[in-house]
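Please examine the sequence and the three-dimensional structure shown below. The briefing that follows groups its points by topic.

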Amino acid sequence: LLALMSSVRRASSTARKQTHTLTRTFVCALTLRLVLIVWGTYQDTHFAVKYTDIDYVVYTDAARHVTQHRSPYARATYRYTPLLAIALTPNVFVHEAFGKVVFSALDVLVGAFIAKLCIVRGFSEKMSKYAACAWLFNPFTCTISTRGSCEAITGALMLATVTALSNGRTAAAALAYGTMVHFRLYPIIHAIAFVCFLNGDYPRNRKLFRGDLKMTKTLSWVTVENVKFGVVSALTFVSLNWISYALYGMEFINEALLYHVKRADHRHNFSHWFYGIYLDAHRDAFAAGSAIETVHRVAASMLPMLLVVSFLGVTYARDLPFALFIQTLAFVAFNKVCTAQYFVWWFTLLPLVLPSLMKSTKRGSLVVSLVFWLIAQLHWLAWAYALEFQGAEVFRSLWFASLAFFAANIWLVVTFLRAHTLTPFFARGRIVKMKSF
């Protein structure tokens with residue numbers, strides 16, 4: 001009995017130390033971000049090159065319009081939900097850095113979600129802390145939030161969805177997911193992965209249709225929980241859109257929804273499709289209605305991306321964190337528009353799969369592909385700098401750089417798929433613990 005009590009005390013002491021270590025990590029991460037916000041204010045005041053992201057200026061201007069009882073869409077290039085502008089009105093009333101502090105706090109919350117999900121999956125506290133640090137102290141993610149990008153909202157809602165599902169709270173997960181899709185349309189690509197994930201292995205789940213009829217067998221994938229997830233998330237999404245429409249009418253529909261569906265940028269776009277968009281005015285190069293033009297239009301549509309993303313979602317849905325990660329990486333690679341902030345979307349999910357990938361025998365090739373991805377990105381940036389800041393006529397060279405970057409992204413997707421070992425999140429209603437190391 002004394003030995004057991006001593007063991008419990010030691011375990012309790014170790015847990016307290018580990019919790020204290022994680023808390024210190026989060027405090028350090030938040031402090032770093034606050035320092036960067038202060039530095040950003042100084043840089044904006046004293047240097048020609050501003051630290052604050054132009055998008056943050058757009059958010060603040062839109063919030064100012066709201067305080068003046070005007071539409072946030074009166075601010076040119078504001079393409080977001082009006083709820084964001086309303087939430088950032090303290091930028092006008094309190095301090096212009098209010099939004100940056102909120103985004104930074106959400107950034108740290110993402111790190112907390114990462115640590116929690118890693119622990120839930122059976123990884124050691126040490127590895128969970130390393131996974132969280134891969135996000136919290138990543139120079140790219142630190143600067144994105146402190147410069148004023150709202151991507152932390154999407155990241156926090158994404159991991160809140162996964163965390164709720166890990167606890168068997170389907171309705172709460174659906175609420176977070178519906179809100180996330182309202183803020184950013186792209187997570188709609190994950191719907192198929194979530195539906196397939198909520199299968200017979202999910203806790204307290206059962207088939208919606210029972211019997212031996214052929215139709216019943218065809219609908220065997222339909223369960224109580226994935227129907228609940230679909231209904232609640234759809235109602236949340238529709239409700240938030242209805243509120244936004246009631247406030248600002250067709251301005252909201254056109255700017256926050258339709259714009260992103262038909263968006264076609266040829267500036268600041270990593271995608272190799274930028275050159276086709278740039279040359280789109282010269283469509284005489286293709287005979288109208290010709291087979292060549294038809295192939296070009298199909299290839300340039302969302303169809304190839306949707307096929308790839310859907311296939312990955314169905315194939316890896318049982319291993320939900322990896323399914324979401326690889327879907328997002330493929331989406332960014334195939335999308336017609338790709339900016340630097342899009343990388344944050346899969347950076348958010350990368351720490352969840354890093355601990356398992358570190359055990360892979362193919363981790364060496366994974367490192368090589370990541371290095372090649374970084375080199376291809378720097379190569380693209382060099383040509384983009386020549387075009388944007390030096391006015392050089394390098395469109396074709398930039399296009400070749402975009403093709404190289406696309407190849408690097410595809411290589412990265414393939415390498416992750418080869419290095420990863422599929423491990424179901426749930427089996428018979430219980431979380432499958434991955435071997436820690």
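Which helix gives the most to the lining of the second largest pocket? The answer is H13, with 3 residues. The structure is a predicted model, in which local features need pLDDT of at least 70 and side-chain atom pairs count only at pLDDT 80 or more, while totals for chains, interfaces and linings use all residues. Residues are numbered from 1 along each chain as its sequence is written, and side-chain values use heavy atoms, with hydrogens and water left out.

**Overall composition**

- The secondary structure of the protein comes to 21 helices and 2 strands; helices (H or I, at least four residues) and strands (E, at least two) are DSSP runs, numbered from the N terminus.
- Of the 437 residues of the protein, 46% count as buried. Buried means under 20% relative accessible area, exposed means over 50%, and partly exposed lies in between (1.4 Å probe, protein chains only).
- Among contacts between residues at least 6 apart in sequence, 73% join residues at least 24 apart. A contact means heavy atoms within 4.5 Å.

**The second largest pocket**

- This pocket has a volume of about 510 Å³. A pocket is found on a 1 Å grid over the protein atoms alone, as an open set of points where a 1.4 Å probe fits, with protein on both sides within 12 Å along at least five of seven lines; lining residues have an atom within 4 Å of a point. Grid points are joined across faces, edges and corners, and the volume is the space filled by probe spheres set on the points.
- The pocket is lined by 23 residues, of which Leu185, Tyr186, His260, Val261 and Phe331 lie nearest its centre.
- Helix H9 (170-183), helix H13 (250-262) and helix H16 (303-316) are the elements that give two or more residues to this lining.
- The lining divides into 15 nonpolar, 4 polar and 4 charged residues. Here Ala, Val, Leu, Ile, Met, Phe, Trp, Tyr, Cys and Pro count as nonpolar, Asp, Glu, Lys and Arg as charged, and the others, Gly among them, as polar.

**Helix H9**

- H9 has 14 residues and reaches 20 Å from its first C-alpha to its last, close to the 20 Å expected at 1.5 Å a residue. The expected span of a helix is 1.5 Å times one less than its number of residues.
- H9 is mostly covered, with 10 of its 14 residues buried. Among the buried residues are Thr170, Tyr177, Met180 and His182.
- What covers these buried residues includes helix H3 (82-87), helix H8 (151-166), helix H10 (191-197), helix H12 (224-248) and H13.

**The largest nonpolar core and helix H17**

- A nonpolar core is a set of buried Ala, Val, Leu, Ile, Met, Phe, Trp, Tyr and Cys residues joined through side-chain atoms within 4.5 Å.
- Of the 107 residues in the largest nonpolar core, Tyr59, Tyr78, Leu84, Phe325, Phe343, Trp346 and Phe416 touch the most other members. Helix H17 (residues 320-334) gives the most to this core, with 10 residues.
- Because 14 of the 15 residues of H17 are buried, H17 is largely enclosed by the rest of the structure.
- The 15 residues of H17 should span 21 Å at 1.5 Å a residue, and its end C-alpha atoms are 21 Å apart, which agrees.
- Leaving aside neighbours within four places in sequence, Phe416 is in contact with Phe322, Phe325, Ile326, Leu329, Leu350, Leu357 and Leu366.

**The loop between H2 and H3**

- Histidine 69 lies in the loop between helix H2 (54-67) and H3. Histidine 69 has a positive phi of about 60 degrees although it is not a glycine, and counts as exposed at 77% relative accessibility.
- Threonine 77 also lies in the loop between H2 and H3. Threonine 77 has a positive phi of about 75 degrees, although it is not a glycine, and counts as partly exposed at 43% relative accessibility.

**Residues brought together across the chain**

- Threonine 60 lies in helix H2 and is buried, with a relative accessible area of 8%. Threonine 60 touches Asn91 and Val92, not counting residues up to four places away in sequence. The C-alpha atoms of threonine 60 and asparagine 91, 31 residues apart along the chain, are separated by 6.3 Å.
- Alanine 427 has its place in strand S1 (residues 426-427) and counts as partly exposed at 32% relative accessibility. Alanine 427 and asparagine 199 are 228 residues apart along the chain, with their C-alpha atoms separated by 10.0 Å.
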